[in-house]
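This report describes pockets, aromatic pairs and the surroundings of selected residues in one protein. The model is a predicted one, and the account that follows should be read with that in mind.

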Amino acid sequence: MESVTFPPLSRIAICGGTHGNEMSGVYMVREMQKQKADQRGSVSITTVLTNPRAVDACRRYIDTDLNRSFTDASLSTPLTDSTPYELRRAKELNAQLGPKGSEQAVDLLCDLHNTTSNMGICLIFYSLDWLTLHIYKYIQSKMTSTPVRAIQLDIPLSEAYSLEAVGKCGFALEVGPQPNGVVRADIFNAVKEALDLMIEWLQRFNSGESFEGGEVEAYTPVAKIDYPRDPTTSAITAAIHPQLQDNDFKLLKPGDPIFLSFSGDTVRHEGEELYPFFVNECAYYEKKIAFQLAKKFTLTLPSISVKKD
């Protein structure tokens with residue numbers, strides 16, 4: 001595989017509070033702003049508290065999910081008096097950090113999230129972007145405190161709905177388990193370590209260092225599983241089975257228990273072997289998702305280096 005060159009990644013954005021009750025990103029951005037950490041060597045850093053009204057209310061969102069508001073269709077919809085707050089905010093963020101798909105967009109956008117699921121650190125991104133995957137490979141090779149994984153969403157850029165899609169390249173850093181509205185020192189420190197490693201990689205890349213290719217494993221979602229529900233009221237009738245709870249990314253085989261009904265019956269997995277993630281994520285109850293299922297695949301990365309003038 002031939003070596004690939006890219007322009008320097010000098011303008012980056014680190015965002016937090018896209019969901020106002022996911023506290024690692026909120027406190028990380030506030031801490032970076034307090035320290036005025038806007039330049040680290042060759043890297044110029046913009047820090048943004050992305051959904052300030054939701055942060056003040058300690059809620060996921062005020063009117064609608066900000067992290068579902070960055071499709072081309074949403075960003076191009078004209079504003080009216082009835083436009084939800086988050087759609088207005090999405091346009092402001094797109095103007096500040098993008099516009100999405102343009103040469104003016106920041107080189108790299110990292111949006112910080114927490115999950116109540118036991119997922120460790122996950123880099124979630126859209127395209128098979130060699131830069132993002134090399135950052136993932138670097139963080140994974142250096143971190144010892146927390147498992148580091150990657151989830152690739154197979155969605156075209158026009159339909160990419162979350163904030164990181166606004167940058168030329170980007171990813172969400174999803175870290176858990178952490179309850180909503182709570183900050184945990186171990187989770188906060190894992191986020192800080194991952195960000196420090198990302199910035200270290202960017203500085204080394206921008207200075208002209210080459211990074212060898214190699215193989216990385218990643219996951220791609222293939223299914224969303226809802227809770228068993230009462231056919232009349234739609235109320236859930238079961239919880240995640242104790243054998244599945246906290247076992248994100250552990251291979252789920254046919255016959256393995258997935259739900260335990262409130263009357264004591266076990267519901268078992270049917271179908272092929274897949275990997276569960278976002279298991280019992282609090283925010284997904286409203287989306288009728290008990291957990292998602294993914295396939296694991298291996299990617300071969302090319303060697304990369306910065307493009308010389």
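Sorted by class, the residues that line the second largest pocket comprise 8 nonpolar, 6 polar and 3 charged. The volume of this second largest pocket is about 240 Å³. Its lining is made up of 17 residues, and those closest to the centre of the pocket are Ser127, Leu157, Gly167, Lys168 and Cys169.

The largest pocket holds about 460 Å³ of space. Its lining consists of 26 residues, with Arg68, Leu153, Tyr161, Tyr284 and Gln292 lying nearest the centre. Strand 5 (108-114), strand 8 (169-176) and strand 9 (214-225) are the elements that give two or more residues to this lining. In the lining of the largest pocket, 11 residues are nonpolar, 6 are polar and 9 are charged.

## Aromatic pairs

The count of aromatic pairs in the model comes to 12. In one of them, the ring centres of Tyr219 and Tyr275 are 5.4 Å apart and the ring planes stand at 75°, so the pair is classed as edge-to-face, a term that applies to planes over 60 degrees apart. Because Tyr219 lies in strand 9 and Tyr275 in strand 13 (residues 275-277), this pair ties together parts of the chain that are 56 residues apart in sequence. Both Tyr219 and Tyr275 are buried.

Another aromatic pair is formed by Phe277 and Phe278, whose rings are tilted, with 5.6 Å from centre to centre and 45° between the planes. Phe277 has a relative accessible area of 2% and is therefore buried, and Phe278, with a relative accessible area of 6%, is buried as well. Ring pairs join Phe277 and Phe278 with Tyr219, Phe249, Tyr275 and Tyr284 in a cluster. Tyr284, a member of this cluster, is also one of the residues nearest the centre of the largest pocket.

## Charges over rings

Two arginine side chains are placed over tyrosine rings, as the following distances describe. Arg53 lies over the face of Tyr85, at 4.4 Å from the centre of the ring, while the charged end of Arg30 sits over the ring of Tyr27, at 5.7 Å from the ring centre.

Phe188 is a residue of helix 6 (residues 185-206). With a relative accessible area of 18%, Phe188 falls under the 20% limit and so counts as buried. When its neighbours within four places in sequence are left aside, Phe188 is in contact with Ser24, Tyr27, Met28 and Val183. Tyr27, one of these contacts, is the residue whose ring has the charged end of Arg30 over it.

Thr47 belongs to strand 4 (residues 43-49). Its relative accessible area is 19%, which is under 20%, and Thr47 is therefore buried. Not counting residues up to four places away in sequence, Thr47 touches Ile14, Val29, Met32 and Gln33.

Key. Residues numbered from 1 in each chain as written. Predicted model: local features only at pLDDT ≥ 70, side-chain atom pairs only at ≥ 80, totals over all residues. Heavy atoms only, no water. 1 Å grid on protein atoms, 1.4 Å probe; cavity = no way out; pocket = protein on both sides within 12 Å on 5 of 7 lines; lining within 4 Å. Points joined across faces, edges and corners; volume = space filled by probe spheres on them. Helix = DSSP H or I, 4+ residues; strand = E, 2+ residues; numbered from the N terminus. Nonpolar A, V, L, I, M, F, W, Y, C, P; charged D, E, K, R; others polar. Buried < 20%, exposed > 50% of the residue type's maximum accessible area, 1.4 Å probe, protein only. Contact = heavy atoms within 4.5 Å. Phe/Tyr/Trp six-rings, centres within 6.5 Å; stacked < 30°, edge-to-face > 60°. Lys NZ or Arg CZ within 6 Å of the ring centre and 35° of its normal.
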